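Dear colleague,

Please find below the sequence and the structure that I am handing over to you. My findings follow directly after it.

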Amino acid sequence: MAALLTFYVQTWDEYHTHTLTLGVISGPVEGLLTLCAVYAFTAYIGGGSFWQRSMLQSIGVPHYAIIPNSVYELPWNEWYMWYGGIILVFNTIQRCIFQLCNPLLLNLTNF
């Protein structure tokens with residue numbers, strides 16, 4: 001779902017402006033490639049239960065005192081949602097700056 005958010009926003013904007021303008025990181029390309037990588041990784045690992053494990057612990061990062069427990073225990077699926085949200089915000093801000101805050105894009109906050 002996270003990878004599809006930027007795809008949805010860019011498709012919605014293209015529908016109303018009749019122009020498909022992609023950001024530095026585009027939802028239709030990078031978002032879908034990320035989603036394909038997630039599906040392939042899940043198939044390679046052997047199941048969806050992997051996504052419930054702590055990501056930092058899974059990749060071997062020691063629990064340093066500067067890392068809060070809530071961050072260290074964050075599972076893969078929640079890191080993935082953060083990734084999608086950050087990319088969505090980055091694309092929206094970047095697009096708003098380069099398009100001088102298109103009124104249709106600003107109406108997205110109504111959803």
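Of the 111 residues of this protein, 32% count as buried. Please bear in mind that the model is predicted. The accessible surface comes to about 7,400 Å², and carbon and sulfur atoms hold 70% of that area.

As to secondary structure, the protein has six helices and zero strands. Along the sequence, this gives the pattern α-α-α-α-α-α.

Tyr8 is placed in helix H1, which covers residues 2-17. Is Tyr8 buried or exposed, or does it fall in between? Its relative accessibility is 42%; because buried means under 20% and exposed means over 50%, Tyr8 counts as partly exposed. In sequence, Tyr8 and Leu88 are 80 residues apart, while in space their C-alpha atoms are 9.9 Å apart.

I then turned to the aromatic rings. The count of aromatic pairs comes to four. One of them joins Phe41 and Trp51: the ring centres are 5.8 Å apart and the planes stand at 75°. Why is this pair called edge-to-face? The reason is the angle between the planes: over 60 degrees counts as edge-to-face, and the planes of Phe41 and Trp51 are at 75°, so the pair falls in that class. The pair links distant parts of the chain, as Phe41 lies in helix H2 (residues 27-45) and Trp51 lies in the loop between H2 and helix H3 (55-58), ten residues apart.

The two partners can also be described by their accessibility. Phe41 has a relative accessibility of 30% and is therefore partly exposed. Trp51 has a relative accessible area of 13%, which means that it is buried.

Trp51 also forms an aromatic pair with Trp76, again edge-to-face, with 5.9 Å from centre to centre and 85° between the planes. This second pair likewise links distant parts of the chain: Trp51 is in the loop between H2 and H3, whereas Trp76 is in helix H5 (residues 76-98), 25 residues away. Trp76 has a relative accessibility of 16%, so it counts as buried.

Which residues make up the aromatic cluster with Trp51? Phe41, Trp51 and Trp76 together form one cluster.

Yours sincerely,
A colleague

Conventions. Residues numbered from 1 in each chain as written. Predicted model: local features only at pLDDT ≥ 70, side-chain atom pairs only at ≥ 80, totals over all residues. Heavy atoms only, no water. Helix = DSSP H or I, 4+ residues; strand = E, 2+ residues; numbered from the N terminus. Buried < 20%, exposed > 50% of the residue type's maximum accessible area, 1.4 Å probe, protein only. Areas by Shrake-Rupley, 256 points an atom, 1.4 Å probe, with all protein chains shown as cover. Phe/Tyr/Trp six-rings, centres within 6.5 Å; stacked < 30°, edge-to-face > 60°.
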